[in-house]
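Me: I have a chain open on my screen and would like to talk it through with you. Could you take a look and go over it with me?

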Amino acid sequence: MVDSGRPAFHFTPPVNWMNDPNGLVYHNGEYHLFYQHHPESIVWGPMHWGHAVSRDLVDWQHLPIALHPDERGMIFSGSAVVDKHNTAGFGANALVAIFTCHKDYVETQNLAYSHDDGRTWTKYAGNPVLPAQDAYRNFRDPKVFWFEDHWVMCLAAGRQILFYISRDLKHWEQSSIFGDGHSARDDVWETPDLFPLSVETSDEKRWVLTTGVWNGAIAGGSGTQYFIGHFDGRTFTSERSAETVLWMDHGADFYAPQSWNNEPEGRRLLVGWMSNWQYAKLVPASTWRGAFSLIREVSLKKVHDEVHLLQRPLPEMQRLRAEHFRWQEKTVQPSTNLLADLHADSLEILATFAWDGNVSRFGLRVRLGEEEQTSIYYDMHEQKLCVDRSQSGQVDFHDMFAAVHSAPLLPIDGLIRLHVFVDAVSIEVFANEGLLTFSESIFPSQQSQGLELFVEGGSIFLHSVDVFYLNPARFQMAEKS
């Protein structure tokens, strides 16, 4: 990524390298966002925890680095909690970070605490609270939360998730293991998360377990799988067969998502890293590298008697909407473009098409320019949604980047609904109310700002299309004391 192409509304580091989101927690009116950060280089290196806060999840203030490497090693991924009842003895309502230290492939779990709303941190003198395990070279990324009367830790270990319980955050007892063939992918699992969700329009509840997969994901390279099931405070059980693999996102760039602890409205909000370990260190960059996805609100919905995860854009994003263009009840013909007069690199698009078997494909082309475009289209013959970034701009830095990604998608009530966000170096697609999502990095020239609505093989009825130019979010540095 180049500075001139810094995103308008996706979170990026002030300088240098960023990957996984960490320690997402709400406390005293602020949403905290920590992240894997190398402050000295645009390439991955000794990991720190970068830090930012927001009161509305749209505008962010960058704060000084929260956690630095020490004699135990680099500060890898983890989570943060509010210790409301002072279970750890650091003080009531202390913020407590739980993280992996990594040194020479030895990984331990450790604590740090803060009494000043996360501005300064003290590492626990009794670290590590969970020592390295000889059975696991990969033993990392603790996600911790409160369950009824105890703390729960989910920890990635090889190709499975270990569960631990504790009364005080310092002493941990293993309660169960999940994995044992519950994936068609053999590579390392990382960055777990576990949370309950209600099933829309019912009284049912399920638990969702998410895990990053280092390699072998649906779009190639790294990606995020999820499992739906039940959790009793000690053990997670999937309600689907071990062979079933569910992917959170069918694009190439959605990894290590984490959700906020303590969200004040009871929503489950999460954010992921928009990159892929196959090429993350190679994407175009000058002074910074790495971006996060839009924050998503997740829920569950029954479709054909099976429960599926829905992901919808954060509603607060609507306040960035500026000039609005709308078309309704149009028959779209080949070689015509309703959107020909629109040009921007920050857009929100909502389009609803009638599903029509008489056409071959229809959809949108964004960041359109001379010999550049990114296509989002529905393939009627294959009945799948596709994102083609093979001509999206700079694509030659890695062999797998220029590709078409796709996933099956059936209409709902005879309609295909697309909700698309376009930013300087990314697109995100939410289809049919978030049942299917694609997150994709792109690197077009700044001049490629065209927009096209197209159909091939016949005409199609367009119920509506709304296009919003988007104002930039505010990303500010904290004032020096």
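**Strands, cores and single residues**

Reply: Let me begin with Asn16, which lies in strand E1 (residues 16-27), where strands are DSSP runs of E with at least two residues, numbered from the N terminus. Please keep in mind that this is a predicted model, in which local features need pLDDT of at least 70 and side-chain atom pairs count only at pLDDT 80 or more, while totals for chains, interfaces and linings use all residues. Residues are numbered from 1 along each chain as its sequence is written, and side-chain values use heavy atoms, with hydrogens and water left out.

Me: OK, and is Asn16 buried or exposed?

Reply: Asn16 is buried, with a relative accessible area of 13%, where buried means under 20%, exposed means over 50% and partly exposed lies in between, using a 1.4 Å probe and protein chains only. Asn16 also has a positive phi of about 65 degrees, although it is not a glycine.

Me: What about Asp117, where is that found?

Reply: Asp117 is found in the loop between strand E7 (106-114) and E8, and it has a positive phi of about 60 degrees without being a glycine. Its relative accessible area is 28%, so Asp117 counts as partly exposed.

Me: Which peptide bond is cis?

Reply: The bond from Asn127 to Pro128 is cis, with omega near 0 degrees, and Pro128 lies in the loop between strand E8 (122-123) and strand E9 (139-147).

Me: Stepping back, how many helices and strands does the chain have?

Reply: The secondary structure comes to zero helices and 34 strands. The radius of gyration, taken over C-alpha atoms, is 22 Å, close to the 23 Å that the globule rule gives for 481 residues, so the chain is as compact as a globular protein of that length; the rule itself is 2.2 Å times the number of residues to the power 0.38. Of the 481 residues, 60% count as buried.

Me: Which residues have the most contacts inside the largest nonpolar core?

Reply: That core has 39 residues, and those with the most contacts inside it are Leu339, Ile349, Phe362, Leu385, Val465 and Val467. A nonpolar core here is a set of buried Ala, Val, Leu, Ile, Met, Phe, Trp, Tyr and Cys residues joined through side-chain atoms within 4.5 Å. Strand E33 (residues 460-470) gives the most to this core, with five residues. Apart from this core lies another, of 36 residues, including Trp260 and Ile295.

Me: Where is Val96, and how does it sit?

Reply: Val96 is in strand E6 (residues 94-103) and is buried, with a relative accessible area of 0%. Not counting residues up to four places away in sequence, Val96 touches residues including Val81, Phe90, Leu111, Trp121 and Leu169.

Me: Last topic, what is the order of the open sheet of four strands?

Reply: The order is E18-E19-E21-E22, with antiparallel pairing, and two strands pair if DSSP finds at least two bridges between them. Strand E18 (255-259) and strand E22 (306-313) are the edge strands, each pairing on one side only. Strand E19 (residues 269-273) and strand E21 (residues 296-303) pair over two bridges, and Leu270 stands opposite Arg296 in E21.

Note on methods: Contact means heavy atoms within 4.5 Å.
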